[in-house]
Amino acid sequence: MSDAIAKTPEGKLSDAAIRRRMLTEFWFYFSQNKGAVVGLVVFILMVIIALTATLIAPHDPTMQYRDALLLPPVWQEGGRAEFLLGTDPVGRDMLSRLIYGSQYSLFIGIVVVSIALVGGIVIGLIAGFFGGWIDMVIMRVMDIILAFPSLLLALVLVAILGPGLTNAMIAIAIVYQPHFARLTRAAVMGEQKRDYVSAARVAGAGNLRLMFRTILPNCLAPLIVQATLSFSSAVLDAAALGFLGMGAQPPAAEWGTMLAEAREFIQRAWWVVTFPGLAILISVLAINLMGDGLRDALDPKLKRS
Amino acid sequence: MFRFILSKLLYLIPTFLGITIIAFSFPRLLAGDPVLLMAGERGVTPERHAELSAQLGFDRSLPVQYLEFLGRLLHGDFGNSLVTKKPVLTEFLALFPATLELGFVAIVIATLIGVPVGVLAAIKRGSWFDQISMTSALVGFSMPIFWWGLLLIIFFSGFLGWTPVSGRISLMYYFPNVTGFMLIDSLLSGQKGAFASALSHLILPSVVLATIPLAVIARQTRSAMLEVMGEDYVRTARAKGMPQRRVIGVHALRNAMIPVITTIGLQIGVLMAGAILTETIFSWPGIGKWMIDSISRRDYPVVQSGLLLTAAMVMIVNLLVDLTYGLINPRIRNK
């Protein structure tokens, strides 16, 4: 992207103007993809729901209404207006639990991606920048982590660390981290031989400055796309761990945990199973749609074609 | 070709050693005394503790322990389950065909549907078929399969009553275990209805397990086809006046298949992770359910060796994919 800016005919541009132009260009390509815009809107909505959960949820998500066990949604016979989407087997309001569940999913996504991204970038930068045996050792370790099916390794890590949301997030982050390390390494190795890096080196920039200020900003595009994809996978995997009883523990209103608790009622109460899964599907789908759009907007190869 | 295979095999050795180190570390990383954990929940007397400790080798230094661990592995000794007391390898081999059958049928479903859909979507780029199939593919790709499995059970088993909810075959059939694959064994047994029963048990789990690979394969096939169809040789073939069917079938499809085969191979890891969830939902007696049960039963030797065997299996399948890849594409073989 920096090349494109350098070639603009109008003499000098201020930094802010360049940034604005880049954003405009980005938005132009992103908004070409209708699905991506829909995904973005749903995602923003989800963020708003998560942030305002205490205000918009009609009930406390852990409050058990003993007179309202397994009530169907309001439009079905037997439903009550105060419980729009019905109640679960111990009388908790489904809608409120779903609303609070969005907090968990967003939180999980943000934490997992942050840990995996930072860890992967540092490891990948070191491997790509120094090369040689350091690179060899690091990349072999990454290969080993990738040799395990991700969910299985996460499960075993949780078995070591103990079940719970925090440990589940750490486990998933460890499992995702090699993808970022590989991408960063590949990008760094590509960028390192370019003239601007040599120029910075000749100008006396130290290794740390070269790694983080000179090279890293030019490797960000694939990392951003990978981060989006990992965000959605993290939401899925955390829900899967919750479903298997290894993630967030009851009574947490985490969607996967809710599904696990609802399993035995699938023949009697369709709503306790349907809604949490639908919430997972919609949020993961929205993030994946966004990811597709980001890839279109950030990948220069696709732009030209 | 021989050198290609040899280099790939040599490349696997450090990865395999790494996997054994992870499996070796597992019981030693658990909080608490590994001997007590290995001995189970009832606890042991101090004498028995020392005896077990010596027997399991925990009284020696870590490098020595690791070498002994490797030595046992090379002799095919993967330890015994704490719960059933049987050798872990025996259990693994007994359950593995169930997972293999499920995974194989799933990948066949995913490929047989995914590749044609991807090809057609690429040929009819921008059409309603392209849009609908690619939207469905993205939905499939985003699917929490444990929920998808429950929905299918509600609909097909609960509402329609068409398929059974769990297991591999109805209990009324019994026949010798020849291949370990229920579909084949039931046919071999010659019992009326056995095959139908096995198939009806297999269909929902394999559809659930196929969902994500199907979506990935369809998307990958479409983009590989689009890329190939823009190549010069396809344009030349068209310019020569070759019929569309031949251009696509011979020139485009064959070249587009190379990345698609890699994608199909890469789904093995995805399948293994999916098998854990699918087998849990459908009570399918395979490796995935065995692992998750062992984790919750704290049967650590099983978790340790199961982890090792699963990773080794994924690694071998990936090697086979790499080799196939080299077979189809000489450019890779001779690099």
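Select chain B and read along its sequence: the pattern is α-α-α-α-α-α-α-α-α-α-α-α-α-α. That makes 14 helices and zero strands. Both are DSSP runs numbered from the N terminus: helices are H or I with at least four residues, strands are E with at least two.

Before going on, note that this is a predicted model, where local features need pLDDT of at least 70, side-chain atom pairs count only at pLDDT 80 or more, and totals for chains, interfaces and linings use all residues. Residues are numbered from 1 along each chain as its sequence is written, while chains are lettered from A and ligands numbered from 1 in the order in which they are written.

**Stop 1: chain B as a whole**

Stay on chain B. Its C-alpha atoms fill a box of roughly 85 × 55 × 40 Å along the principal axes. Chain B has 335 residues, and 39% of them count as buried. Buried means that 20 or more other C-beta atoms, placed from the backbone, lie within 10 Å of the residue's own.

Now colour by pLDDT, the predictor's confidence in each residue, from 0 to 100. Chain B averages 84, and 94% of its residues score at least 70. Select α14(B), residues 330–333: this helix has the lowest mean among the elements of chain B, 64. Then select α6(B), which has the highest, 93.

**Stop 2: where chain B touches chain A**

Show both chains. The predictor gives the complex an ipTM of 0.84 and a pTM of 0.86. In all, 35 residues of chain B are in contact with 33 residues of chain A. Contact means that the C-beta atoms of two residues, placed from the backbone, lie within 7 Å.

Which helix of chain B gives the most to this side? Select α1(B): it supplies seven residues. Next, colour the chain B side by class. It divides into 28 nonpolar, seven polar and no charged residues. Ala, Val, Leu, Ile, Met, Phe, Trp, Tyr, Cys and Pro count as nonpolar, Asp, Glu, Lys and Arg as charged, and the others, Gly among them, as polar.

**Stop 3: a helix pair in chain A**

Select α11(A), residues 220–243, and α12(A), residues 255–262. Their axes come within 7 Å and cross at roughly 30 degrees. The two helices are therefore roughly parallel to each other (angles under 35 degrees).

Zoom in on the contact. A238(A) and F243(A) are among the residues of α11(A) that take part. From α12(A), look for residues including W255(A) and L259(A). By class, this contact has eight nonpolar, three polar and no charged residues.

How values were computed: Buried ≥ 20, exposed ≤ 12 C-beta atoms within 10 Å, placed from the backbone. Axes fitted to C-alpha atoms, helices over the stretch in contact; angles between N-to-C directions. Parallel < 35°, antiparallel > 145°, perpendicular 65-115°, else oblique.
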